[in-house]
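The entries follow the order in which I went through the model.

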Amino acid sequence: MTRILALSALLAAAAALPAQEFERPGDTRVVRAYFDDPLVAARAVMSLDALESEYEKGYIVLRATEEDIETARRAGMRIVETDDYDSVALPAEPPTEAVPGTIAGFPCYRTVEKTYASARAIADRHPTLAKWRPVGRSWKMVQNAAEGYDLMVLRLTNEATTGPKPILLVTTAIHAREYTTAELGLRFAEYLVDSYETDADARWLLDHQEVHLLLQANPDGRKRAEEGVLWRKNHNTNYCSAYVPGVDLNRNFDFQWSVAGTSADQCSEVYPGPSAASEPETKAIQTYMARLFPDVRGPHHFDAAPADDSAL
């Protein structure tokens with residue numbers, strides 16, 4: 001616990017530092033960070049730029065600045081350089097071979113457009129179980145309606161069963177280069193509706209729950225990643241326009257904005273934006289969440305919700 005608190009404090013202190021040249025992504029390197037306490041590693045994964053988590057082997061893989069490395073060391077982690085992590089190397093050219101509708105080099109993962117088309121098809125085939133609707137706009141679409149994307153939610157429930165239902169909201173692909181989450185969410189949706197007539201669990205979930213899936217929380221950034229670039233942030237070119245534009249949406253929410261694990265450097269992968277919820281994607285998610293889950297807690301961050309809260 002002492003090391004976890006130490007890591008939290010160190011990350012908070014790092015967030016307060018002014019922008020420095022070593023925060024540039026080009027000055028990062030890939031390292032293995034070995035740990036004795038898995039809780040320390042879990043905290044690091046949330047706060048640093050973790051590429052891979054090998055908990056059973058006792059290490060995580062970080063793409064880290066010198067500041068990140070020093071933070072991890074002071075928290076008790078042992079740093080080992082690695083030169084065999086091929087997947088983090090940017091390709092000289094974007095990959096060209098691709099199965100239609102999938103990401104080049106990753107045929108298991110659908111593109112933004114194919115994800116949207118597949119979700120729309122679910123709603124078209126199962127109108128009593130699924131609705132596909134916009135909840136906001138991406139940064140590029142806010143700038144120009146002919147570019148960018150609507151943020152879309154796939155809502156799943158059996159409309160024929162009435163009454164208050166517990167709600168599950170899942171947001172995926174908020175970090176653009178993390179391909180797996182959007183595909184997992186979409187396959188979960190396909191499983192539920194396709195198995196409704198034959199699987200008792202799927203039927204129960206859709207009869208008595210609501211499932212809301214925001215499958216592409218960062219579609220502008222995802223399109224950059226689909227071009228073969230290790231893109232993480234959104235595509236707001238007001239920040240670090242000549243290098244790696246954007247804001248880390250995962251660190252842009254109102255709740256404890258810029259408390260820890262962020263950088264004031266606009267070119268950093270963990271730049272939280274100029275203010276809380278500055279990005280249209282973040283605002284859309286927060287607004288939608290507030291509609292689904294009215295805040296009935298007390299005034300403090302860690303006040304519990306009442307036992308009869310429908311979100312529990």
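This is a predicted model: local features need pLDDT of at least 70, side-chain atom pairs count only at pLDDT 80 or more; totals for chains, interfaces and linings use all residues.

I began at Ile103, whose bridge partner in E6 is Phe106. Strand E5 (residues 102-103) and strand E6 (residues 106-110) pair in the antiparallel sense over two bridges; strands here are DSSP runs of E with at least two residues, helices are runs of H or I with at least four, and both are numbered from the N terminus, while two strands pair if DSSP finds at least two bridges between them. Two residues lie between the strands of this hairpin, and Gly105 takes a positive phi near 85°.

Residues are numbered from 1 along each chain as its sequence is written, and side-chain values use heavy atoms, with hydrogens and water left out.

I then traced an open sheet of four strands in the order E2-E3-E1-E4, with antiparallel pairing. Its edge strands are E2 (50-54) and E4 (78-81), each of which pairs on one side only. Neighbouring strands are turned by 25° against each other on average, direction ignored; axes are lines fitted to C-alpha atoms, for helices over the stretch in contact, and angles run from 0 to 180 degrees between N-to-C directions. Strand E1 (residues 29-34) is joined to strand E3 (residues 59-64) by six bridges in the antiparallel sense, and Arg29 has Ala64 in E3 as its bridge partner. Helix H3 (residues 66-74) packs on the sheet and touches E1, E3 and E4, its direction making about 150° with that of E3, where contact means heavy atoms within 4.5 Å.

I counted seven aromatic pairs, taking rings of Phe, Tyr and Trp (its six-membered ring) as paired if their centres lie within 6.5 Å, with planes under 30 degrees apart called stacked, over 60 edge-to-face and the rest tilted. Tyr34 and Tyr59 form a tilted pair, 5.2 Å centre to centre with 50° between the planes. This pair links distant parts of the chain, since Tyr34 lies in strand E1 and Tyr59 in strand E3, 25 residues apart.

E9 and strand E10 (residues 210-214) run parallel, joined by five bridges, and Val170 has Leu213 in E10 as its bridge partner.
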